[in-house]
Amino acid sequence: MPALRRSRAALVLGVLLALLAFGITPSTAATTAAITVSTAIARQDGSVATVEGYVVGQPTAANTVVRSNFPGDTALALADTSSQTSTSAMLYVQIPSAFRSQYGLRSNPGLLGTKISVTGTLTPYFTPHAGLKDPTAFSGAGGSDPGTPPDPGDYYANAIGKTGPALRSALHSIIANQTKLSYDQVWNALKDTDQDPANTNNVILLYSGRSQSKSTNGGGVNDWNREHVWAKSHGDFGTATGPGTDVHHLRPEDVSVNGARGNLDFDNGGTTVAECPGCAADGDSFSPRAAVRGDVARMIFYMAIRYEGGDGFANLEPNNSVDNGSAPYIGKLTVLKAWSAADPPDAFEKRRNQVIFDNWQHNRNPFIDHPEWVASIWP
């Protein structure tokens, strides 16, 4: 045997002996590379694999995944993107007791949207849904999802490092570059942006929090319609293309609850609003449920930066008053700032911002990506 061939043979033999010393056979060594969630869903054959994906919620039944108020630490759902809402594209992962304190979502809700890898058996956990059972290893794979970046790269490049009026001006220039929708297009946009993560046939109503069929939009009793969070009479822009059709502040809401809010300013206090648990209203103000108060505030702040008096529309601005009527103001600024601080952006709000950017208007709400900018602009 020539010397070169002998040396190659010796090298191969050495590698094989090293693998065997660590309990790794050539067949298992070939399967250690992580596979995607979609591959794992297609390969439900009882084999052992390492799957890498984004934590998108907790499965509670074969067709149900929750993204908040997690009931336990026994399971999580993985997907190939952190914005995935279709349960058919999710892998349901069992969490053995040894891993629950670190990877259970009730104990670690901050895992939502993060990328991890899990090694286990490719077989349904919630039959018949694709799953991974009896995991032997969990690890944080790291990295950010290019589909839903926390800060979308150079989108805010001209705003970074600025404060006060300079920041405000830079953000206006950035987000004013958008695709404008017709009022009819808003229906389909909201069915996409406000889709229920646990049921893709439904939308989540903003104030009431109810999950309701996308097909029940309209003007009838218990239908949902298009709520203008910045009341359209505050600045008299109606439903004209521009602020009247900007889905960053248009949300699905029950017809009667929308009517109860009317064009009221936002403030704490009031009496209970029918069909809207946690909401309150009085003669001059409305308070939404606690879980979306920050969302409401950040929509108001977006509108104030986006609509600065150009485009033929009024210069919108929050103030510290209520009962603003038809003036281009909405209050109460001190309350809105407190709501934004107490209720930071959650996964639903972040996904919504990304869907608007990707699919509809191609601009973003900067106060979802950078909530700290609220205090810089409105100290």
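Residues are numbered from 1 along each chain as its sequence is written, and side-chain values use heavy atoms, with hydrogens and water left out. As the model is predicted, local features need pLDDT of at least 70 and side-chain atom pairs count only at pLDDT 80 or more, while totals for chains, interfaces and linings use all residues.

Take the helix pair to begin with. Helix H8 spans residues 293-306 and helix H9 residues 333-342; helices here are DSSP runs of H or I with at least four residues, strands are E runs of at least two, and both are numbered from the N terminus. The axes of H8 and H9 come within 7 Å and cross at roughly 125° (axes are lines fitted to C-alpha atoms, for helices over the stretch in contact, and angles run from 0 to 180 degrees between N-to-C directions). H8 and H9 are therefore oblique to each other, the label left over once angles under 35 degrees count as roughly parallel, over 145 as roughly antiparallel and 65 to 115 as roughly perpendicular. The crossing is left-handed, that is, the near helix is turned anticlockwise from the far one by less than a right angle. On the H8 side, Arg293, Gly294, Ala297, Arg298, Ile300 and Phe301 meet Leu333, Leu336, Lys337, Trp339 and Ser340 of H9, with contact meaning heavy atoms within 4.5 Å. Sorted by class, this contact has six nonpolar, two polar and three charged residues (nonpolar: Ala, Val, Leu, Ile, Met, Phe, Trp, Tyr, Cys and Pro; charged: Asp, Glu, Lys and Arg; polar: the others, Gly among them).

Next, the inside. There is one cavity of 30 Å³ or more, a cavity being a set of points on a 1 Å grid over the protein atoms alone where a 1.4 Å probe fits but cannot get out. About 70 Å³ of space lies in the largest cavity, the volume being the space filled by probe spheres set on the points, which are joined across faces, edges and corners. Its lining (residues with an atom within 4 Å of a point) includes His248, Asp295, Met299 and Arg352. H10 (347-360) and H8 each give two or more residues to that lining, and H10 gives the most, with four.

Finally, the backbone. Most residues other than glycine have a negative phi, and most peptide bonds are trans. Yet a cis bond joins Thr127 and Pro128, with omega about 5°, and another joins Gly331 and Lys332, with omega about 10°. Asp134, in strand S6, has a positive phi near 50°.

Terms used:
On a 1 Å grid over the protein atoms alone, a cavity is a set of points where a 1.4 Å probe fits but cannot get out, and a pocket is an open set with protein on both sides within 12 Å along at least five of seven lines; lining residues have an atom within 4 Å of a point.
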